[in-house]
Amino acid sequence: MKPNTDSKLSSKGLQLKNQDSLSSNIFTIDVGGQLFQTTKQTLTQSGPNSILFKVCNSDSVSIPFIDRDPELFSILLSLLRTGNLPSKAKAFDLQDLVFEAKFYGIEELLVNSQSNSSQFEAFNLEKSLILNLSGRDSPSSICTTPYGSVHVAHGSKITSFDWSLQRKSTILTQFTAVDSLLSLSPLVVAAGATDFSGLQILDLDKGFVKQTLYWENVTRSSSTVQAIGSSTDCLFTSFESGRRNSSVIMVYDLQGGLRPVTEIGHCEIFGADLDSAIPATKLSWVPSYNLLMASGSHSGPHGVLGNIKFWDIRSGNVVWELKEKVDCFADVTVMDNLSAIFKVGINSGEVFFADMRNIGAEKSWECLGDSRKAINGKKEGFGCKIQSHGNQVFCSREGDLEMWSEVMVWSLRKNDNGAEERMFRKNLMGRAKDMGGSRITNLDFGGNKMFVTRKDQQFVEVWQSSIRGS
């Protein structure tokens, strides 16, 4: 916004101008000695709790004065007008804009413009930033919030970065290492470990345990956390008894103080039948189906075996189940948008796809790569991670990342189940200098960013497309 050229008008003239502008809706404001003209509608975009909203709705006819930086205000005024930062915002430090936005009470608008999930551009992602962690421990688990803040568990610590990735804080936990981490709100997480009893609800702002949730089996042995998931209303936790002879998925009410609602999938090991109580090590809610996907596997004399179950939490029944024997998953993810499940085969290392609309068919999985690799038994998929976000599936192979997308084509071809054949294509991610490196251990998404951690590395990679000032 260019300053008003009539900045040398007398105070009486200024008063008359704002008084006269009541009918025309033009509003003049003095920030740090520089005059800006805008409309009341623009200033009210700041929201009822903002200084600017209160100023423009004041009964005073004098030009209001705010003792702040006029150049930074010019950037924020453009944000109010368009919902986006102007290109000249690149010349300013983001932290300065954050502090100014907080002063005016419009930080939420700044967050929306800079770290909104609608700005996520999968085909335009590149490594843009490194978030360094204190200490010698590499990340064991990460979780994100919808607007791009990230919490990182490393050793007994959890380090949090705000949405701008400029502010950092660390707390110490009771865990030796955190294996499962889930964000419940911007500053509250659920944390658990496979060697520590109970699920802890942690306040990251004040650094204390708000609540601990336990499960006891019939022998009243302690229980450890194997996985955490959530829906809008419920928190899901997979527990395994300390003796490793029973497991369960507990359902808690997120809106009712984490009151236990029900338990599903309670299993006990009987004799040598180890398959009867494989704990779920990944929990994913599927909103359009109102089902909980729970997956787990274990290594035995006959290789890696596992199962993928879809639970109706209201009835406590399994709606679908996929038993994994030939090429069990190294990791699995569900994509609600495309009604599809994807896995990385532990033996082949290839990506497989299952259409949820055809689950239960004799042949549910379709290999998107070389299906012949499944029989070699080399465990080429060991350590691979797979995660869906938006309309894409992201898969790690050692230190590299690939992205799978559905190609929308009209076809009369049918697959083995008689359904219309679906086609997916692979793209390698990043620039040449982004490729390779240590094995990827975690993938997660928040706002317009993707977060990546690697084995034995004390930092988090941030991948995103350029948004600021575009």
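Okay, housekeeping. It's a predicted model, so local features need pLDDT of at least 70, side-chain atom pairs count only at pLDDT 80 or more, and totals for chains, interfaces and linings use all residues. Residues are numbered from 1 along each chain as its sequence is written, and side-chain values use heavy atoms, with hydrogens and water left out.

So, the fold overall. The chain has six helices and 31 strands; those are DSSP runs, H or I of at least four residues for helices, E of at least two for strands, numbered from the N terminus. Of its 470 residues, 51% are buried, meaning under 20% relative accessible area with a 1.4 Å probe, protein chains only.

Now the second largest pocket. A pocket here is an open set of points on a 1 Å grid over the protein atoms alone, with protein on both sides within 12 Å along at least five of seven lines; lining residues have an atom within 4 Å of a point. This one holds about 540 Å³, where volume is the space filled by probe spheres set on points joined across faces, edges and corners. It has 21 lining residues, with Ser149, Asp162, Trp163, Pro186 and Leu187 nearest the centre. Helix α6 (107–114) is among the elements giving at least two residues, and its four are the largest share.

What about enclosed space? The search found two cavities of 30 Å³ or more; a cavity is where a 1.4 Å probe fits but cannot get out.

Notes
Buried means under 20% relative accessible area, exposed over 50%, partly exposed in between (1.4 Å probe, protein chains only).
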